[in-house]
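Please look through the sequence and the structure shown below, and then read the short report that follows.

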Amino acid sequence: MDGKKLAQWLMVPLTLVLVLLLLTQASPGDIIAALTSVSVFSLAASLFLWVLLYLGRTLRFAFMLGSRDYAGVFSIVCTHSMANNILPFRTGELAFVYLAKARMDVPVGIGAAVIVIARLYDVLAVSAMFI
């Protein structure tokens, strides 16, 4: 079994372990009460905005990588964001470099440069909002 298949099989048990760990921290009744108190409109609006955000990131990274494989870049962007949220000290940024190399054969230096440039654009955007 190759590494890719092994990783796919390990995702399910890892997800179950993480969900069980989360359920030990909060009671299921509290979770259900919190989820049922949110309006359907709010959920739909947040899902719509989430999709727009990730599509925007996909377009940005596809443009910077010079790629037309939007589905592949979307997959990389989603996995990169998940890794950024899970791994400590923003080490998830390395996931983008690794995934771009593994899935799109982007050189490591180019992948790292794309992440640095994207983060610089993020700082500029936030700074512009403060001005």
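## Charged pairs and a helix contact

In this predicted model, Arg 90 is partly exposed, with 48% relative accessible area, and Arg 90 forms a salt bridge with Glu 93. Glu 93, by contrast, is buried, at a relative accessible area of 12%, and Glu 93 also takes part in a salt bridge with Arg 119, a residue that is partly exposed at 22%. Because Arg 119 belongs to helix α6 (residues 108-130) and Glu 93 to helix α5 (residues 93-104), this pair ties together parts that lie 26 residues apart in sequence.

Side chains of opposite charge can pair when their charged atoms come close.

| Salt bridge | Closest N and O atoms |
|---|---|
| Arg 90 with Glu 93 | 2.7 Å |
| Arg 119 with Glu 93 | 2.8 Å |
| Lys 101 with Asp 105 | 3.5 Å |

In the pair of Lys 101 and Asp 105, Lys 101 is partly exposed at 38% relative accessibility, whereas Asp 105 is exposed at 58%. Through shared partners, salt bridges join Arg 60, Arg 90, Glu 93, Arg 119 and Asp 122 into one network.

A further feature is the packing of two helices. Helix α3 (residues 40-65) and helix α4 (residues 70-86) pack at an angle of about 115°, their axes being 9 Å apart, which means that α3 is roughly perpendicular to α4. Their crossing is right-handed, and the residues that meet include Tyr 54 and Phe 61 in α3 and Val 73 and Phe 74 in α4. By class, this contact of α3 with α4 has ten nonpolar, two polar and one charged residues.

Technical notes:
Residues are numbered from 1 along each chain as its sequence is written. This is a predicted model: local features need pLDDT of at least 70, side-chain atom pairs count only at pLDDT 80 or more; totals for chains, interfaces and linings use all residues. Side-chain values use heavy atoms; hydrogens and water are left out. Axes are lines fitted to C-alpha atoms, for helices over the stretch in contact, and angles run from 0 to 180 degrees between N-to-C directions. Helices (H or I, at least four residues) and strands (E, at least two) are DSSP runs, numbered from the N terminus. Angles under 35 degrees count as roughly parallel, over 145 as roughly antiparallel, 65 to 115 as roughly perpendicular and the rest as oblique. A crossing is left-handed if the near helix is turned anticlockwise from the far one by less than a right angle, and right-handed if clockwise. Contact means heavy atoms within 4.5 Å. Ala, Val, Leu, Ile, Met, Phe, Trp, Tyr, Cys and Pro count as nonpolar, Asp, Glu, Lys and Arg as charged, and the others, Gly among them, as polar. A salt bridge is a side-chain nitrogen of Lys or Arg within 4 Å of a carboxyl oxygen of Asp or Glu. Buried means under 20% relative accessible area, exposed over 50%, partly exposed in between (1.4 Å probe, protein chains only).
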